[in-house]
Amino acid sequence: MKIFKISIILLFAIYSLVFSQERKKYYLANDEHTDYMWTADAETYRQAFLEMIEYYMDLAESTSTEISDHQSRFNCDGSFWMWTYEKNRTQAQFERFIQKVKSGHFSVPLTALVSCYGGVPAEAVIRGMYYAGKIEREYDLRFKMAVSMENQTLPYGLGALWAGSGAEYSWKGICGCASHIPDAWDREHDIYWWVGPDDSRILMKWNSQVTGHASDIGGYAEAMGPHDAIYLTESNQDFLNRWPYSIIGAFGHGGDYLKTTTDVFVQIAKSYTNDNRQVIVSNEIDFFEDFKSVYGEDLPSVSCSFGNEWDLYCASLAEVSATVKRALQKLRIAESMAAIIITIDPNLISINTQERDQAWMNLGLYWEHDWTADGPVGRDAREQWQRELAVQISAYAESLYQQVMQKFGGLVKNNSSGKRFYVFNSLGRQRTDYADILYTGANDIHVVDLETNSDTPFQIIQKDGQTYLRILATDIPSVGYKVYEIQNGQGEQFANTVSAGSNVLQNSYYSVTVNSSGAITNWIDKKNNNAELVQPGMTLNSLGQGRRFNYD
């Protein structure tokens, strides 16, 4: 009889091991989505950020005696939250916040706020994370996440820029609204390695939006109802088919609300944890690190673009957006030159660090995703905010540019009677191009490249009502320069390499033939075995019928 009872117990134990459900982990993250300058104005958001940060710091401390899984945690939606807290609180208060980041009770992404990245220059993407990088260095910590949220699209190279800046993880939830993207909710992979063109990678969680609601899994407020998130992930067969993993993450609570302060995540984690579930109050980073350690080797890789849509809204302020992009170019030149100057004498450059840091942050804010301004904040207010950001960015770039131009010129030695000038290349590659300088001297001159001690082609031109000397600056080194000297008298005579006759234009590189309407009928690439770039019977740059041009 005893042997029989023991056998029954063993069989039951084996049955339980084989057929019992694997205990699942649920990472529930309180993440307040920020619709900046849509839900409320800047001052109202400032107050909301401060109040939420302090509420959740207090809650983290009041729950510190709970087990780690059940201690309060909170994710700021962008580094602009951290910036706002630093600028409006004492150093001691800010260091309290930093300690919460270091302890894992708060998390902050590298990105400033949710932006439409398809319209952002690559350089602005990087610069928009400079403030977060500054805090990393000052306080010896790492921000491992970057996010793009709500809109249905995602550009290809963005992940590589993030990864190169130190991000390891990202999550995306969409609204499934205001879109022409068909079936944006239906993901081929709900979690994957997002691989960039340089083979860098980020672990991306982008769940299919199986219910069609932004407040459910796949939306940007997946945990608006944390108990509902648990129920959906346990009962929705579509989700279960797409997510065959025992580690589950549901992020985002506030949705479009201005402010939420709640301890519901702590309460749900405590009450829903049982033999089948381990419910964890998450800072999002903990989910990714756990998931990667268990499943990272078996995940698919995705290397593609998901297009642009809302990303194009910045064209609604086309010239303002263009000024920001031009300021970026000027800032790149100025900072490249400054980097050379300070190797000679660090005291030659005076940086307004307050304006510099503000420009960094403004580059992270300018492409914020609520361009439609169809919410409580009027479009005039949103437009004015955009213009103010652009003005500050441009003013800082221009100020630094003018300073380093003068300082750099002062370092160019001139022990001759000729006038000297430099041509600087801020790009990461050697460059040959024309360069213009204002000129008021004689026409009987020649221009000498002092590195090669040889003449360089030049011409005197009129541009915008002023006279310029235009030279061919050859082989300017990467992030480097050459010095040229204007000398009196004629120098080497250069052959005219461009000819224009009848309807054919050509130089040493190309020969282009146009027809009477201005369309290109032939385009010969002389440096590529005279390859024809226009298909037979086709034209390029056609303006349509009825347009004719005179070549005489």
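1. Let me start with V479, which sits in the loop between strand 15 and strand 16 (480-488); helices (H or I, at least four residues) and strands (E, at least two) are DSSP runs, numbered from the N terminus. Its phi is near 45°, a positive value in a residue other than glycine. With a relative accessibility of 38%, V479 counts as partly exposed; buried means under 20% relative accessible area, exposed over 50%, and partly exposed in between (1.4 Å probe, protein chains only).

2. Some ground rules before going on. This is a predicted model, where local features need pLDDT of at least 70 and side-chain atom pairs count only at pLDDT 80 or more, while totals for chains, interfaces and linings use all residues. Residues are numbered from 1 along each chain as its sequence is written, and side-chain values use heavy atoms, with hydrogens and water left out.

3. N541 is another residue to look at for its backbone. Its phi is near 60°, again a positive value in a residue other than glycine. N541 is found in the segment after strand 21, and at 56% relative accessibility it counts as exposed.

4. On to the cysteines. A disulfide is a covalent bond between the sulfur atoms of two cysteines. Taking a pair of cysteine sulfur atoms within 2.5 Å as a disulfide, the count comes to 1 disulfide. That one joins C175 to C177, with S to S at 2.0 Å. The angle about the S-S bond is -100°, and the link of C175 and C177 is left-handed. C175 is buried, at a relative accessible area of 8%, whereas C177 is partly exposed at 33%. As for C304, it is in no disulfide, and the nearest cysteine sulfur, that of C116, is 18 Å away. C304 counts as partly exposed, with 31% relative accessibility.

5. Now strand 1 (residues 24-29). Of its 6 residues, 5 are buried, so strand 1 is largely enclosed by the rest of the structure. Strands of a sheet pair through backbone hydrogen bonds, either parallel or antiparallel; here two strands pair if DSSP finds at least two bridges between them. Strand 1 pairs with strand 8 (residues 277-282) in the parallel sense over 6 bridges, and V281 in strand 8 is the bridge partner of L28. Strand 1 also runs parallel to strand 7 (residues 247-251), joined to it by 5 bridges. There, F251 of strand 7 is the bridge partner of A29.

6. Then there is an open sheet of 5 strands, with the order 17-18-19-20-21 and antiparallel pairing. Strand 17 (499-501) and strand 21 (531-532) stand at the edges with a single partner strand each, so one side of each is left without a neighbour in the sheet. Inside this sheet, strand 18 (residues 504-506) and strand 19 (residues 510-514) pair in the antiparallel sense over 3 bridges.

7. What about packing? A nonpolar core is a set of buried Ala, Val, Leu, Ile, Met, Phe, Trp, Tyr and Cys residues joined through side-chain atoms within 4.5 Å. The largest one has 87 residues, and those with the most contacts inside it are F94, F97, F106, F143, W162 and Y366. Helix 14 (residues 379-411) supplies the largest share of this core, 10 residues. Another core lies apart from it, with 44 residues, among them Y27, Y169, I217 and Y295.

8. Leaving aside neighbours within four places in sequence, F143 is in contact with residues including M82, V101, V108 and I135. L113 lies in the loop between strand 3 (106-107) and helix 5 (122-127), and is buried at a relative accessible area of 0%. With the neighbours within four places in sequence left aside again, the contacts of L113 include T34, Y36, W81 and E368.

9. Which strand gives the most to the lining of the largest pocket? Strand 11 does, with 7 residues. A pocket here is an open set of points on a 1 Å grid over the protein atoms alone, where a 1.4 Å probe fits, with protein on both sides within 12 Å along at least five of seven lines; lining residues have an atom within 4 Å of a point. The largest pocket is lined by 30 residues, of which I333, Y401, F424, A435 and D436 lie nearest its centre.

How values were computed:
Contact = heavy atoms within 4.5 Å.
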